[in-house]
Amino acid sequence: MEEVIIIGSGCAGMTAAIYAARASMKPLVFAGAQPGGLLTTTSDVENFPGFPAGINGFDLLWRMREQAQKFGAKIENGSVKSVDFSGEIKKVFTEDGLEFQAKRVIIATGAKPRMTGAKGEAELYGGRGVSACATCDGAFYKGKDVIVVGGGDSACEEALFLTRFASSVKLVHRRDQLRASKIMADRALSNEKITPLWFSVLEEVLQDEEGFCRGVILKNVQTGELYEVACKGVFVAIGHIPSTAPFKGHVDMDEEGYIIPAPGTVVNTSVKNVFVAGDCSDKKYRQAVIAAGMGSMAAIEAEASV
Ligand code: NAP
């Protein structure tokens, strides 16, 4: 039986692994379908402390992985399919049909940005003009025209953040009313750099000869008309999907599937000796440094438990 199983190998999971390994718990980490997590799909990370010149997202996660392994973390490539947290011994079942047991489990499975599925979107995602994180990538669009897709608080926040860098921001929304809170909507709509494009959805992201975004084709959902907008960046902000399906019914979640920390805690779940860290529980900040912080908290709590 393992001392601790960590499910997920992004910033939260790998930081939990570093802390748990240094506490001699020999953590077993399931790397999941995307080893290294979401950050490995972005280009340069410029806001993770300690890297004044920025660091490639993949390199950052690989360093965390090496650091965890140096102290004794074991990393299994593969995904967890289901769990049984009902007994004192926690059971974890993998996609390959194997069963693992542990005294404690840390869930750090992250969340995926919801994407529109428009043509060209996936191809240009991650450094070629399509992003789901203005905080991560906004600074690369200094003096450029960008669009933001979505009408919620995130879309408004992303659009407002982007006005610091971009010369213009078009807010593309499928209705003519924002879902965002009034204060966020008012702020976005009164900003002179932000222009809403109502009743519009993303149909296609167009690329230039070098394979970078040069514009988009939008569709007016009322008239069916297709129209082209020139832009260098497309920020998709239509919500996130937490990767928590294997834990449904086993720990408390909200209606969207985010794991809810036990009252008065940050990383404890509704089940004793099961902890949570990172974006699968944090729908507000979604930052690598916060996921890392939660990972360290989860490992410290795990060490003190049982
Ligand atoms: P959200 O509130 O669910 O909004 C998603 C937006 O994307 C909606 O406007 C929706 O359109 C649109 N959308 C969904 N699927 C789409 C599709 N396939 N194509 C085009 N548009 C699509 O998500 P969120 O903005 O990420 O916010 C999530 C939660 O975090 C909310 O509770 C929010 O209040 C909170 N949050 C708070 C803050 C803050 O307080 N500073 C910041 C960010 C997020 P419809 O409106 O037509 O449904």
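The side chain of Thr163 places a polar atom 2.5 Å from the backbone oxygen of Leu160, a polar contact (a pair of N or O atoms within 3.5 Å; within protein, one atom must be able to donate a hydrogen and the other to accept it, and residues adjacent in sequence count only if both atoms are side-chain atoms). Thr163 belongs to the loop between helix H4 (153–162) and strand S12 (168–172); helices (H or I, at least four residues) and strands (E, at least two) are DSSP runs, numbered from the N terminus. With a relative accessible area of 12%, Thr163 is buried, where buried means under 20% relative accessible area, exposed over 50%, and partly exposed in between (1.4 Å probe, protein chains only).

The model is predicted: local features need pLDDT of at least 70 and side-chain atom pairs count only at pLDDT 80 or more, whereas totals for chains, interfaces and linings use all residues. Residues are numbered from 1 along each chain as its sequence is written, and side-chain values use heavy atoms, with hydrogens and water left out.

**Ligand site**

The shell around the ligand consists of Gly151, Gly152, Asp153, Ser154, Glu157, His173, Arg174, Arg175, Arg179, Ile238 and Gly239, a residue being near a molecule if one of its heavy atoms lies within 4 Å of it. By class, this shell holds one nonpolar, five polar and five charged residues; Ala, Val, Leu, Ile, Met, Phe, Trp, Tyr, Cys and Pro count as nonpolar, Asp, Glu, Lys and Arg as charged, and the others, Gly among them, as polar.

| Residue | Protein atom | Distance to a ligand oxygen |
|---|---|---|
| Gly151 | polar backbone atom | 3.1 Å |
| Arg174 | polar side-chain atom | 2.9 Å |
| Arg175 | N or O atom in the side chain | 2.8 Å |

Taken alone, the ligand exposes 910 Å², of which the protein buries 72%; accessible areas come from the Shrake-Rupley method with a 1.4 Å probe, and for residues only the protein chains shown count as cover.

Strand S15 (residues 213–220) is largely enclosed by the rest of the structure, because six of its eight residues are buried. S15 pairs with strand S14 (residues 200–207) in the antiparallel sense over seven bridges, pairing requiring at least two DSSP bridges between two strands. Here Gln207 stands opposite Cys213 in S15. Five residues separate S14 and S15 in their hairpin, and Gly211 in the turn has a positive phi of about 85°.

S15 is also joined to strand S16 (residues 226–230), in antiparallel fashion, by five bridges, with Val216 opposite Val229 in S16. The hairpin of S15 and S16 likewise has five residues between the strands, and Gly224 takes a positive phi near 80°.

**Helix H1 and individual residues**

Helix H1 (residues 11–22) has 12 residues, which at 1.5 Å a residue should span 16 Å; its end C-alpha atoms are 16 Å apart, in agreement. The expected span is 1.5 Å times one less than the number of residues. H1 is mostly covered, 10 of its 12 residues being buried, including Cys11, Met14 and Ile18.

In the loop between H1 and strand S2 (28–30) lies Lys26, whose phi near 45° is a positive value in a residue other than glycine. Lys26 is exposed, with a relative accessible area of 56%. Asn273, in the loop between strand S18 (240–242) and strand S19 (274–276), also has a positive phi, near 70°, but counts as buried at 10% relative accessibility.

Val149 is found in strand S11 (residues 145–149) and is buried, at 7% relative accessible area. Its C-alpha atom is separated by 4.9 Å from that of Val236, 87 residues apart along the chain.
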